[in-house]
Amino acid sequence: MEGLFESLSSIFTIPEFTGTIGAFLTYFIYFSRLMLPVAAIAVLSRCVRSMLREQYEPEVWGYLDLPDGSRVPLRHWECTVGSAKSCDVVVRDISVSKNHVVLIRDEFGNWGVHDIGLNDGSGVNGLVIGEKGAALEDGDSLNLGDCDLRFFNLTEEERGIIADRRTAPGREISPFNMFFYVSICQFILALSQVYNAQPEHKSVIAMSFTALFAAMWLYYIAMRALGRLGLEVEAIAFFLSSLGLSVTSSSVPESLLKQVFLLLAAIILFVILGFWLRDLKRVKATRNPAAFAAIALLIINLIFGQEYFGAKNWLSIGGFSFQPSEFVKIIYIYAGAATMDRLFRRRNLIVYIAFSAICVGALALMGDFGTALIFFAAFLVISFMRSGSIGTVFLAVTGAGLAGFLALSIKPHIAQRFSAWGHVWEDIYGKGYQQVRAISAAASGGLFGLGAGKGWLHNIIAADTDLVFGVLSEELGLIVAVCAVAAIIVLALFTVRNASQSRSAFFVIAGCASVSMMMVQLGLNVFGSLDILPFTGVTFPFVSTGGSSLISCWALLAFIKATDTRKNASFTNRDPDKMRDYNEFSRLYDEEPQQGDFVDDEQLSPDAFPYGQDKQDDQSYMEQPRRNLFDRRGEKRRPLK
Amino acid sequence: MKKIKKRAFFALIIAFSLVVGMAIWVIRLWENGSDWVMLRANQSVFNEGILDVGTVKDRNGLVLAKAGEGVFSYAEDESVRRACLHAVGDYAGNFGSGALSAFDYKLAGYDFINGVSSFKEEGASLRLSIDADFNTVAYDALAGRRGTVLLSNYKTGEILCMVSSPSYDPNNPPDVSLPQYEGVYLNRALGATFAPGSVFKLVTLAAAIENMPDLNERRFYCEGSVNVGGDTVTCTGHHGEQTIEQALANSCNVAFSELSQELGSEVLAEYAEKYGFIDGLSIDGIETAKGRFDKAERGTSDLSWSGIGQYNDLVSPISMLRYVSAIANGGVAKEPTLLKNGKSGKSSLMSSETAEKVSQMMSYNVSYAYGNSLFPDMSICAKTGTAEVGGESPHAWFAGFLDDDKNPYAFVVLVENGGGGLSAAAPVASRLLQAALG
């Protein structure tokens, strides 16, 4: 390992430039500083245009014929049917309850129905649905109260047309461009950092940026090989990670290598989690065990944890220390989000609230006030999205306010931070020490910064974690610092927009909760260091130095990634076009239609069976027999009264 | 899903509050950035608490002080260093009103767009309105006596000469605890007040012109002293019958005692305040010393003395400079500034008629009482002051201006405990003006 490092170092040995080249380099680096905001804005604007400007074609996955003769399209994989206006399919009849049943489609195109009211009055083809739901076949009649509805799955023609119309990313903005601009940012940062660094750190900085650059393009190539075109979310994460690497280079160049290794690990975890999320069934099956693991982790932390700056939130195992709360974040969302059929069960909500209370309580006991706040925000988002009740949110906020008041009176270091809030300039050597320095350094940077590696704020304690916004502003300028904040906001807009197309409530809730967690964390970090909020000492997503935080951010990114349902966009979603291969209707196809082609009726050949020529990434499914999640016809079901 | 879709907008509330937060930050930065960068711990501006950027130059571009990369230096010439010490200040921050302390935020070169960064990394270059040559001449003319010399352009407000004595060479700081350096850190021009003595008669005079319509027709009788409320107000001589012009030229205490008693303390105090002697001034953000005028009871000698610039009267030299500048400039004071081409406001202190009358009388002073030999070929208007300060030798004042559109100079010379205004202060003004006129 040592030898490897030595030989790598020798490759990245940076010569000292003098004379004309040196002078030119000085000018070049000075003016490249002005190019960084341009590149940063280019990255963001391209991501925004690509993600937000492309029109989403409404999707249809099936139909319901209502008693009044009208036909209602099912636009999601999870649809509520009831008499309430807020239902996806509204059935106006006295005998139908507000939220009566939920129709759920699985990735293979099979539909099922779940009775959320648990009233015996609903059934399929005259048989009671029961607690575990029932399958819904093309042409089945759905009995709600006194009403009979008819369900129709998509015909194969419709399926082909819809598949072709589905929005694919990358039409307006090529993903290559976005990655290219991120690379320009990386190049400018690396150049300036290497130029301004101490001689002993030059090679490790060059090496780290090269590693990030390589990882990014490797990821790009891999995704293109998989035929995936929607890479905006990753472009944003790589952009922020590049800024983070610059902060680490300035502040703690000695931990740069560790940071890069953890960054690579985080990207790998992101990919793994993304692939894992493809299958909602296994997600559902593992939610509870994951929740128990999270609680266990928190308990271990509480018992064996180490205390830093008044918060007992570090765990050290075999010389490797990490913050368990960062990993609990991932599980918290994983376990907190739910599919529509479970959403309406009060019991599930209560279990979730209990789980939340344990998490937040454990964090409060640790004294990790900032993280507790982040969890609490995620709790608010998830519980609001699950219940839709503003009242619940108010109640929760009031309860948390009281709990927070208690925490303030019990934990002196938190109370101290609150007392400094708004008064940092009165105590520039005490409670306001970090904040006034961050503010002063941030102001010194102006719009374009002093140049990467040229500031002084990075010498202040926790500059690479808590004062990141100050370091960014000082060295890279206000524009880039604001871009870093805007990047997370763009993720939020993206997630919310995707919600309109999302197939499962699970992904919408998980995505929104993830991005909310990031935003709250960002807000606490940035505004805490600028004395706009109390200083809580949480990290800036993707940018702050620290492995645990980085890993959790990339993992949360997987949840955001999973909300993207554009055609061929996200590796976290199996493409429904490909799933067609396992569907009985798909046998009609001779060849898979190419993107952009309309399905021609003459190409349909009833004999073709295209299993053999399938996509590699779904190899495993090819061997499996076609499954039907909802097939419970073997069960004995009671007839409707 | 419709519900969930709608509820997703909840996340936008958080996004919106981030936008609001960033807006708050940018607004605060816009408003306070220049103050924030002056945090002593800001290593882009300070080096271990010492200003580490910027160059101070005189109006002709001569470098008076320069810092960068942890090294600072002052003017090359020792006499310039001494003469400009109070105007420039020092890097140790001993001179609060010196440019290095008072204008450090300008030297940091902060602006919202560039912050404190600049390609040459030496901060901003600041040109003072001071002319180092004038300062050197004035400092020489003081010849080691305590005091201050001010010269300004009354049309622009620029202070061309500002010297305070005692001074020292900042490259070679002495032991300031020695008696000759007592109060050395004080800029006497801005930060100190002194009894004005007879120069204050210019204020009483202006008040009389505006409040006594028959002033020109009045005659004042001086028998060397006058009894007021049981006390004797003495005069410098036995002036007999005088017009108001002659009374001013003679600096007749008896005549001004009469005016003071007639005007009353309320009117005198009102004029002292109106002319800016009481509240202190703000010169490019530097607050100057506040003056004092106590209202004495009518019929007492205190009231008489207060109109003659004695009793408890205190004025700062800079406020006197502003006042004579206003007289010179037709009653309108251009606010003094220490920055070259500094934009200063103006305030109207008196009507142009009053200014004209006072101006004529000050001109008459010189020809009638002081003699033009000290000021050859100058159309000078001035007033001396010899302020008694309990027991010690009196403060010598000489304040006035050139009634000359090409050389619109106003000046104030104060020699602490220097003796008579004409004998001690006027020669200093003479030397400076001759140098200024080339």
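**Figure 1. The surface of chain B.** Chain B of this predicted model exposes about 17,100 Å², with carbon and sulfur atoms supplying 48% of it; accessible areas come from the Shrake-Rupley method with a 1.4 Å probe, and for residues only the protein chains shown count as cover. Of its 438 residues, 57% are buried, meaning under 20% relative accessible area (1.4 Å probe, protein chains only). Residues are numbered from 1 along each chain as its sequence is written, and chains are lettered from A. Local features need pLDDT of at least 70, and side-chain atom pairs count only at pLDDT 80 or more, while totals for chains, interfaces and linings use all residues; side-chain values use heavy atoms, without hydrogens and water.

**Figure 2. An open sheet of 5 strands.** Here the order is β8-β7-β19-β18-β17, with antiparallel pairing. Strands are DSSP runs of E, at least two residues long, and helices are runs of H or I, at least four, numbered from the N terminus; two strands pair if DSSP finds at least two bridges between them. β8 (159–165) and β17 (380–389) of chain B each have a single partner strand, so one side of each lacks a neighbour in the sheet.

**Figure 3. β18 meets β19.** Strands β18 (residues 392–402) and β19 (residues 409–415) of chain B pair in the antiparallel sense over 6 bridges. Look for A396(B), which stands opposite V415(B) in β19(B).

**Figure 4. Helices packed on the sheet.** Helix α7 (residues 132–142) of chain B touches β7 (147–153), β8 and β19 of chain B. Helix α13 (residues 352–370) of chain B packs on the sheet too, touching β17 and β18 of chain B.

Notes:
Buried < 20%, exposed > 50% of the residue type's maximum accessible area, 1.4 Å probe, protein only. Contact = heavy atoms within 4.5 Å. Axes fitted to C-alpha atoms, helices over the stretch in contact; angles between N-to-C directions.
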